[in-house]
Amino acid sequence: MYFINHEQIDQRIQFLTSLANACNQLEKQWAEGTNNLVWQLAQERVLQLAIETVTDVGSLLIDAFILRDASSYEDIVEIVQGEGAYSAALTETLLQLVKLRKPLVQDYATWDREGMHPLIPLIPAALEEFGTSVRAFIKKEME
């Protein structure tokens, strides 16, 4: 029997809704022409939190189901997808997302803040699918 930290996983999956809502608000602000430093920095924080949340859930699944150790953020996404937790199409979006981690946390001084990042409109649907898929995966694995 596996030990799954349902509380931590559920907490993080529930947080995905807040991130999706934030993406929708950011997209609306950009459409209305609001593009000031606060909204630009908010966009970066939403991207970073989406990365951390997805990889936290992935790491919890890896630990719970005793999967092979991940060597990178991309590896976390690929390992969990390889176990059938979510679709290959979602994996592509998640990989694009987690590849932003290094530039967001290391290259923040030179990050291009002028436009809305192309992942912002895609994140709400991706995060919803991720949460639904992870819950279904856990349920299936526990049967």
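This is a predicted model: local features need pLDDT of at least 70, side-chain atom pairs count only at pLDDT 80 or more; totals for chains, interfaces and linings use all residues.
The largest nonpolar core comprises 43 residues, of which Ile9, Leu47, Leu61 and Phe130 touch the most other members. Two or more residues of this core come from each of helix 1, helix 2 (37-64), helix 3 (73-82), helix 4 and helix 6. The greatest contribution is that of helix 2, which gives ten residues. In soluble globular proteins, nonpolar side chains tend to be buried together. When neighbours within four places in sequence are set aside, Leu47 is in contact with Leu97, Leu100, Leu104, Trp111, His117, Leu119, Ile120 and Ile123.

Two aromatic pairs were found in a search of the whole structure. In one of them, Phe65 and Phe137 have ring centres 5.4 Å apart; the pair is classed as edge-to-face because the ring planes stand at 75 degrees, above the cut-off of 60 degrees. This pair links distant parts of the chain, with Phe65 in the loop between helix 2 and helix 3 and Phe137 in helix 6, 72 residues apart. Both Phe65 and Phe137 are buried. The pair formed by Tyr86 and Phe130 is tilted, with a centre-to-centre distance of 5.6 Å and an angle of 50 degrees between the planes. Here too distant parts of the chain are linked: Tyr86 lies in the loop between helix 3 and helix 4, Phe130 lies in helix 6, and 44 residues separate them. Tyr86 has a relative accessible area of 7% and is therefore buried. Phe130 likewise counts as buried, because its relative accessibility is 1%.

Rolling a probe the size of a water molecule over the atoms shows where empty space is left. The largest cavity holds about 40 Å³ of space. Its lining consists of Thr93, Leu94, Leu97, Leu119, Ile123, Ala126 and Leu127. At least two lining residues are supplied by each of helix 4 (88-98) and helix 6 (123-142). By residue class, the lining contains six nonpolar residues, one polar residue and no charged residue. Leu97, Leu119 and Ile123, among the lining residues, are also among the contacts of Leu47.

The C-alpha atoms of Thr17 and Ala126 are 11 Å apart in space, while the two residues are 109 apart in sequence. Thr17 belongs to helix 1 (residues 6-31). With a relative accessible area of 48%, Thr17 is partly exposed.

Note on methods
Residues are numbered from 1 along each chain as its sequence is written. Side-chain values use heavy atoms; hydrogens and water are left out. On a 1 Å grid over the protein atoms alone, a cavity is a set of points where a 1.4 Å probe fits but cannot get out, and a pocket is an open set with protein on both sides within 12 Å along at least five of seven lines; lining residues have an atom within 4 Å of a point. Grid points are joined across faces, edges and corners, and a volume is the space filled by probe spheres set on the points. Helices (H or I, at least four residues) and strands (E, at least two) are DSSP runs, numbered from the N terminus. Ala, Val, Leu, Ile, Met, Phe, Trp, Tyr, Cys and Pro count as nonpolar, Asp, Glu, Lys and Arg as charged, and the others, Gly among them, as polar. Buried means under 20% relative accessible area, exposed over 50%, partly exposed in between (1.4 Å probe, protein chains only). A nonpolar core is a set of buried Ala, Val, Leu, Ile, Met, Phe, Trp, Tyr and Cys residues joined through side-chain atoms within 4.5 Å. Contact means heavy atoms within 4.5 Å. Rings of Phe, Tyr and Trp (its six-membered ring) pair if their centres lie within 6.5 Å; planes under 30 degrees apart count as stacked, over 60 as edge-to-face and the rest as tilted.
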